[in-house]
Amino acid sequence: MTPFDFQTANQGSWKELENVLGQRQRDLDPDRFLALYRLCCEHLALARSRGFPLHVIERLSSITSRAHQIIYRQSDVGLARVARVLLEDFPATVRRLWAYSAVAAALLMIPTIAIAIATYLNPDLILSIVDRRTAEEFEQMYSPAAQAIGRPRDIASDWMMFGFYIKNNIGIAFQCYATGVVFGLGSLFFLLANGVFGGGIAGYVASFGYSSTFFPFVATHSAFELTAIILCGGAGLRIGQSVLLPGRLTRVAALEFAARETSLIVFGAAVMLVIAAAIEAFWSSAPWVTSTAKYVCAGFCWILVLSFFLRRPRAK
Amino acid sequence: MIPPIDTVITAETPEGIAISMRAAGYPVRSMAFLIDALIRYTIVSGVATTLGAGGRVGVGVLLIVAFLILWLYPVIFELTPAAATPGKRAMGIQVMMANGLPLTPAGCLIRNLMRTVDMLPLMYGFAIVSMLMRRDARRLGDLAAGTVVVYRDRASPTGDFGPGDPLPPPVPLTIRQQTAIAAFGWRVNRLTPERAEEIAVLAADAVPGAKDSAVAARLVGIARWQHGQRLFMPRSPAEGQT
């Protein structure tokens with residue numbers, strides 16, 4: 001059969017599929033559509049293997065690929081699905097990859113505690129971490145005399161700090177995650193660096209006897225913020241492991257798999273960080289709330305977060 | 001088989017056919033990026049001017065807007081049916097899954113989160129190296145997400161070879177030779193006669209006896225013959241149907 005005869009004999013069905021593709025998806029007759037699609041796939045395979053002219057192949061591949069996109073399209077994401085992803089799939093994924101989060105927690109918390117003790121005993125050490133001006137700023141931010149705790153004197157708007165925390169903290173979390181692709185080194189670095197910085201500030205401020213403002217300030221939102229950064233760092237380590245030790249897959253395939261596995265964690269962590277930013281801007285910094293109230297609220301938040309990840313029924 | 005030298009990438013469907021896509025390379029994607037950068041810059045500076053009077057609440061809102069523009073601008077636009085940011089749309093390219101399906105929300109999220117790495121060490125250095133080294137021009141974020149940026153519109157050949165008579169091939173041709181000649185026959189109308197002749201000379205073995213100046217015309221004749229045209233038949237199936 002020459003291409004000419006082939007085209008004459010079959011272009012009726014091609015035209016019909018083209019017309020069907022032009023219709024709205026609701027009006028499709030599924031059986032007829034699938035039958036036409038399979039027929040055109042067969043024609044395309046024939047045309048390719050027989051080396052038929054380009055315009056026949058191009059036309060067939062264009063209509064089959066459009067039909068393919070409609071047939072295999074994944075179902076739409078509705079609000080119900082977003083809720084299910086956040087409340088069920090997110091904690092289930094975290095539990096499944098708990099070992100990575102545990103390593104990330106150690107990488108963040110060990111330097112935090114070690115440096116906090118060191119700067120508490122020797123406040124001058126802070127100058128190896130930040131410069132003098134920043135250190136003074138932090139000292140003044142957490143002074144019990146501060147108008148609002150945890151922010152420089154000249155910046156007093158809750159809304160402004162909310163914006164700042166969102167931009168800054170979610171950025172840090174995304175960095176901890178994505179830089180994991182460099183053999184896990186990026187996640188490693190950002191976890192350690194944030195631990196050193198946070199611990200340094202905590203020890204330094206505490207050494208001035210400002211514990212009564214600093215610790216109630218960080219206790220509440222850290223339930224969400226620290227956890228989210230640890231989760232992102234852990235997800236980044238998982239990404240790094242896939243590139244470093246891909247196992248039986250190719251590196252690209254392993255990376256693709258790990259990224260799909262961990263994307264939920266980053267999505268959930270971003271939501272947690274928005275919650276953390278709101279608490280940090282509007283609650284933690286309020287000087288009129290007593291320390292006791294802040295500690296009670298903090299305890300409640302930590303229990304909430306931990307039980308969210310530990311007590312959800314295991315996903316099937 | 002000889003590896004293809006162009007940028008067509010294929011994905012196999014369950015029906016056993018290969019869907020082909022034309023990957024968008026580094027130059028067109030950087031143009032799209034520049035257009036997007038301009039739009040983002042305009043939005044942020046517009047918001048900054050408007051909110052300048054808003055005091056500290058204004059600064060807070062500005063920071064949130066800057067955050068959204070930085071991280072969510074590409075995500076939101078790529079999840080629309082066009083699967084492209086305004087810059088990509090202007091350049092005629094779009095994002096797809098590498099398996100030929102429409103972009104999924106997870107794929108979109110991952111490829112844009114991974115920008116953080118593609119930006120390293122400086123000025124999207126990793127992304128540029130990755131795009132230039134791969135035939136499918138995927139950056140690290142594309143690799144992680146399983147996505148690919150492709151041209152949206154494809155040239156639609158008509159099968160019109162122009163005036164001329166079909167010519168039986170003087171020697172038996174392999175299927176690859178036939179394919180090459182058919183492809184040449186379709187493209188010849190878009191080339192200058194001199195360029196067409198230059199290309200045709202490469203296939204001179206297939207048409208022994210042709211004069212030096214007439215190789216292109218004879219190849220087109222063979223393409224017609226392969227297509228099934230004969231002297232006593234109508235020129236195209238459309239005419240043949242009536």
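**View 1. Helices α9(B) and α10(B) cross at roughly 75°.** In this predicted model, the axes of α9 (residues 193-201) and α10 (residues 215-227) of chain B come within 8 Å. Axes are lines fitted to C-alpha atoms, for helices over the stretch in contact, with angles from 0 to 180 degrees between N-to-C directions. α9(B) and α10(B) are therefore roughly perpendicular (65 to 115 degrees). Helices are DSSP runs (H or I, at least four residues), numbered from the N terminus.

**View 2. Residues of α9(B) meet residues of α10(B).** Ala196(B), Glu197(B), Ala200(B) and Val201(B) face Val215(B), Ala216(B) and Leu219(B) in contact (C-beta atoms, placed from the backbone, within 7 Å). Ala, Val, Leu, Ile, Met, Phe, Trp, Tyr, Cys and Pro count as nonpolar, Asp, Glu, Lys and Arg as charged, and the others, Gly among them, as polar.

**View 3. Chain A meets chain B.** The contact takes 51 residues from each of chains A and B. On the side of chain A, α7(A) gives the most, 12 residues. By class, that side has 26 nonpolar, 18 polar and 7 charged residues.

Local features need pLDDT of at least 70, side-chain atom pairs count only at pLDDT 80 or more, and totals for chains, interfaces and linings use all residues. Residues are numbered from 1 along each chain as its sequence is written, and chains are lettered from A and ligands numbered from 1 in the order in which they are written.

How values were computed: Contact = placed C-beta atoms within 7 Å. Helix = DSSP H or I, 4+ residues; strand = E, 2+ residues; numbered from the N terminus. Parallel < 35°, antiparallel > 145°, perpendicular 65-115°, else oblique.
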